[in-house]
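Dear colleague,

I am passing on the structure that we discussed, with the sequence alongside, and below the display I have set out what was found in it. Please read the notes with the display open.

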Amino acid sequence: MLAVKGRAARTGYSRELFGQAWADVDRNGCGTRNDVLRRDLSGLALRPGTRGCVVESGVLHDPYTGSIISFTKTRATGVQIDHVVALSNAWQTGAQSWTPAKRLAFANDPLNLLAVDGPTNEAKGDGDAATWLPPVKGYRCAYVARQVAVKAHYGLWTTAAEKDAMRRLLTTCPSQALPKGGLPVPTGSVRAPAAPSRPTSTSPAAAGAGLADPGNAKNCGDFGSWGQANTWFQLYLPRFGDVARLDADGDGVPCESLPGAP
């Protein structure tokens, strides 16, 4: 089912090449992170005035560790959204030749996303089935089956070691079905990825009236209002990195403590 090739070089990889983090690709009015939290958590409390989008709190039965985690938006990093097939892994197994639209779909596809324990997700990094499996052995078959489904849906290949590890595990659970679903895969001309661009000007005018130079605006306290922070966030952070500085919970809404935040 899956082609076997050597791993391509990681050269040129950047999270930016997979588009805006947690974009609303299904156009339901909510960002992908909140879509996944609503799907995977129970006992949800949703923020009023967000059309039922923003998850304030809930309970995660973590599939990777088996633990029960209380999620609150004020301590959001305890629950993270894992790309089951890591973006870096995808980059090295076929995504370098994809269109930006296909990479955006891949990065936001619920088929490839799970709400999980934050520290465990960080420990996984960009590991594949040959180098990392969930600590809970009883979940490993479902986890690898999801990786196979994602790679098949998007036409990614595996390395020989990765495919051997997948086959070895799945032979222990022959009744394990591959999960169904996945976003429609965008079609179109394949093009080489462009290097992330930097703005030609870093003046306040380039960032919008009244905004600080991107070299100086470092924290939410540098902005006078949420509108300023959000404009700077949308213009500069996709290019200048460290999104977590202004959006610690990763929901795509920066500086939620500032007046005017949704």
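To begin with one detail: which residue in S3 does His61 stand opposite? The residue that His61 faces there is Ile68. Before going further, please keep in mind that this is a predicted model, in which local features need a pLDDT of at least 70 and side-chain atom pairs count only at pLDDT 80 or more, whereas totals for chains, interfaces and linings use all residues. Residues are numbered from 1 along each chain as its sequence is written, and side-chain values use heavy atoms, with hydrogens and water left out.

Overall layout

The protein has eight helices and five strands, where helices (H or I, at least four residues) and strands (E, at least two) are DSSP runs numbered from the N terminus. Read from the N terminus on, the order of the elements is α-β-β-β-β-α-α-β-α-α-α-α-α. Of the 262 residues in the protein, 44% are buried, buried being under 20% relative accessible area, exposed over 50% and partly exposed in between, with a 1.4 Å probe and protein chains only. Among the contacts (heavy atoms within 4.5 Å) with a separation of 6 or more, 69% are between residues 24 or more positions apart.

Confidence

The mean pLDDT, which is the predictor's confidence in each residue from 0 to 100, is 84 for the protein, and 79% of the residues reach 70 or more. Where pLDDT is low, the predicted coordinates should not be read in detail.

Strands

Strands S1 (residues 42-46) and S2 (residues 55-61) run antiparallel and are joined by three bridges, two strands being counted as paired if DSSP finds at least two bridges between them. Within this pair, Ala45 has Ser57 in S2 as its bridge partner. S2 also pairs with strand S3 (residues 68-72), again in the antiparallel sense, over five bridges. Six residues lie between the strands in the hairpin of S2 and S3, and Gly66 in that hairpin takes a positive phi near 80 degrees.

S4 and S5 form another antiparallel pairing, over five bridges, in which Gln80 has Val116 in S5 as its bridge partner. Because five of the five residues of S5 are buried, this strand is largely enclosed by the rest of the structure. In helix H3 (residues 100-107), the buried residues are Lys102, Arg103, Ala105, Phe106 and Ala107, and what covers them includes strand S4 (79-83), helix H2 (87-92), strand S5 (113-117) and H5.

A search of the whole structure finds one cavity of 30 Å³ or more. On a 1 Å grid over the protein atoms alone, a cavity is a set of points where a 1.4 Å probe fits but cannot get out, and lining residues have an atom within 4 Å of a point; grid points are joined across faces, edges and corners, and the volume is the space filled by probe spheres set on the points. The largest cavity holds about 40 Å³ of space, and its lining includes Val84, Asn89, Asp126, Lys151 and Met166. Helix H5 (140-154) and helix H6 (160-170) each supply at least two residues of that lining.

Asn89 itself lies in helix H2 and is buried, with a relative accessible area of 2%. Leaving aside residues up to four places away in sequence, Asn89 touches Arg7, Asp126, Asp128, Lys151 and Glu162.

Individual residues

Trp22, in the segment before helix H1 (32-40), has a phi near 55 degrees, which is a positive value in a residue other than glycine, and Trp22 is buried at a relative accessible area of 15%. Arg27 is also in the segment before H1 and has a positive phi of about 55 degrees although it is not a glycine, but Arg27 counts as exposed, at 76% relative accessibility.

Trp226 belongs to helix H8 (residues 226-240) and is buried, with a relative accessible area of 16%. The C-alpha atoms of Trp226 and Glu256 are separated by 7.3 Å, while the two residues are 30 residues apart along the chain.

With best wishes

Terms used
On a 1 Å grid over the protein atoms alone, a cavity is a set of points where a 1.4 Å probe fits but cannot get out, and a pocket is an open set with protein on both sides within 12 Å along at least five of seven lines; lining residues have an atom within 4 Å of a point.
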